[in-house]
Amino acid sequence: MPIQPSIYLDNAATTPMDERVLEAMLPFFTSHFGNPSSVHSHGRNARVALEKARKKVAGLLHVSPGEITFTSGGTEADNTAIWGAIAAYDIQHIITSPLEHHAVLHVVEQAAKNNNIRLSLLKVDAQGSIDLNELEKLLDQKVSTMVSLMHGNNEIGNILDLKAISDLCQQYSAYFHSDTVQTIGHYPLDLQQLSVHAIAGSAHKFHGPKGVGFLYTNKNKKIPPMIGGGSQERNMRGGTENIAAIIGMAQALEIAGQNQEHHRKEVEALKQYFKEKIKVAIPGVSFNGLSGNLAKSLYTVLNVSFPPSDNNQGMLLFQLDLAGISASGGSACSSGARLGSHVLQEIGADPSRENVRFSFSRFNTREEIDYTINKLRELYA
């Protein structure tokens, strides 16, 4: 009896941890277990490691270590940036898009409701693109404004022009926050060249551990903490730091930075290979958003729209799972909601078609792609 394969093509949800990351973390579970707020040698050793990790993350983003706050992940970082900006700068108008991750979208909706803030959702076309002219018109309102737009969309892969957005925000003195969870570790980000005030990162999206991330906040646009109760993280986040996870994140980001271009070419080639193979295997497939355009989308994400099928309607992900293939219908954070993808709904995706997000990493192989394509061909035979 053949062995059931285990093929993981849901890397936009989380990535497998690099063994070198685990190796870097292990001492901080055993011998280096001190609390970095303690003044004895165990605590001082932990503090040194913590600040080395902070310096490493800051260096890769070309910012000051004091501008990096370690968090429990991207969701906390996004929440802190948004609520902090509202509190610090009396934000009266928030501009975002309906395609944002719920870590942003739900927060700004709540802020608009509870804080009497005007909320503007930018229009998106059938490919999920926004209009910079509309953004500029909304910015010219003579009120304290925050713009929150993600760098890379986690479902359809669209990449935002951060430079163009940040320049507009600077021109109109708007606070600019970007959810960069899908791009940190995958694309070079020199924050010295961008007028961005806050970004969010999450380690498990670039082969680091879960439960740890960071928030960058520009030193000239400080915000108050969201979590009180201690003076940790330079009074930006109360609570004892998760040292082992932070060490792992810094190690994962360093590995990503050292091999970024090589990894990009490697994974982009897998995505292109998958795209060409699926077009031949199943006539009538198309690609949601800009995910089929390698120049304008995340090289890790391909969102495939399959033609209607009586055999597979509503069951394709289940059938793939039975075949040992893990993929996604949308954001993993919303998979239990049973409401479908808000991103695909907003761009008008055909509900009669099965939509599957395949997302790739440097741990995937062409053999895995071939197996997946063959299984899909069988399901649509």
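In α2, the residues Ala46, Ala49, Leu50, Ala53, Lys56, Val57 and Leu60 meet Ile243, Ile246, Ile247, Ala250, Gln251, Leu253 and Glu254 of α8. By class, this contact of α2 with α8 has 11 nonpolar, one polar and two charged residues. Please keep in mind that the model is predicted.

**Helices α2 and α8**

- Helix α2 covers residues 41-61 and helix α8 covers residues 243-258; they pack with their axes 9 Å apart, at an angle of about 30 degrees.
- Angles under 35 degrees count as roughly parallel, and α2 and α8 are therefore roughly parallel to each other.
- The crossing of α2 and α8 is left-handed.

**Helices α9 and α12**

- Helix α9 takes in residues 260-281, and it packs against helix α12 (residues 366-379) at an angle of about 20 degrees, the axes being 10 Å apart.
- That angle makes α9 roughly parallel to α12.
- For α9 and α12 the crossing is right-handed.
- On the α9 side you will find Ala269, Leu270, Tyr273, Phe274, Lys277, Ile278 and Ala281, which meet Arg366, Ile369, Asp370, Thr372, Ile373, Leu376 and Arg377 in α12.
- Sorted by class, the contact of α9 with α12 has nine nonpolar, one polar and four charged residues.

**Helices α5 and α6**

- The axes of helix α5 (residues 132-139) and helix α6 (residues 162-171) cross at roughly 20 degrees and come within 10 Å.
- This makes α5 roughly parallel to α6.
- Their crossing, that of α5 and α6, is right-handed.
- Leu132, Leu135, Glu136 and Leu139 of α5 make the contact with Ala164, Ile165, Leu168, Cys169 and Gln171 of α6.
- Seven nonpolar residues, one polar and one charged make up the contact of α5 with α6.

**The largest cavity**

- Rolling a probe the size of a water molecule over the atoms shows where empty space is left.
- Here the count comes to two cavities of 30 Å³ or more.
- The largest cavity holds about 120 Å³ of space.
- Its lining has 13 residues, and His186, His207, His263, Tyr299 and Arg362 are the ones that lie nearest the centre of the largest cavity.
- Helix α9, the partner of α12 in the packing described above, gives the most to the lining of the largest cavity, with three residues.
- By class, the lining of the largest cavity divides into five nonpolar, seven polar and one charged.

**The second largest cavity**

- About 60 Å³ of space lies in the second largest cavity.
- Lining the second largest cavity are Asn11, Ala12, Thr15, Gln182, His186, Lys205, His207, Thr300, Phe360 and Ser361.
- This lining, that of the second largest cavity, has two nonpolar, seven polar and one charged residues.
- His186 and His207 line the second largest cavity and are also among the residues nearest the centre of the largest cavity.

Terms used: Residues numbered from 1 in each chain as written. Predicted model: local features only at pLDDT ≥ 70, side-chain atom pairs only at ≥ 80, totals over all residues. Heavy atoms only, no water. Axes fitted to C-alpha atoms, helices over the stretch in contact; angles between N-to-C directions. Helix = DSSP H or I, 4+ residues; strand = E, 2+ residues; numbered from the N terminus. Parallel < 35°, antiparallel > 145°, perpendicular 65-115°, else oblique. Left-handed = near helix turned anticlockwise from the far one by under 90°. Contact = heavy atoms within 4.5 Å. Nonpolar A, V, L, I, M, F, W, Y, C, P; charged D, E, K, R; others polar. 1 Å grid on protein atoms, 1.4 Å probe; cavity = no way out; pocket = protein on both sides within 12 Å on 5 of 7 lines; lining within 4 Å. Points joined across faces, edges and corners; volume = space filled by probe spheres on them.
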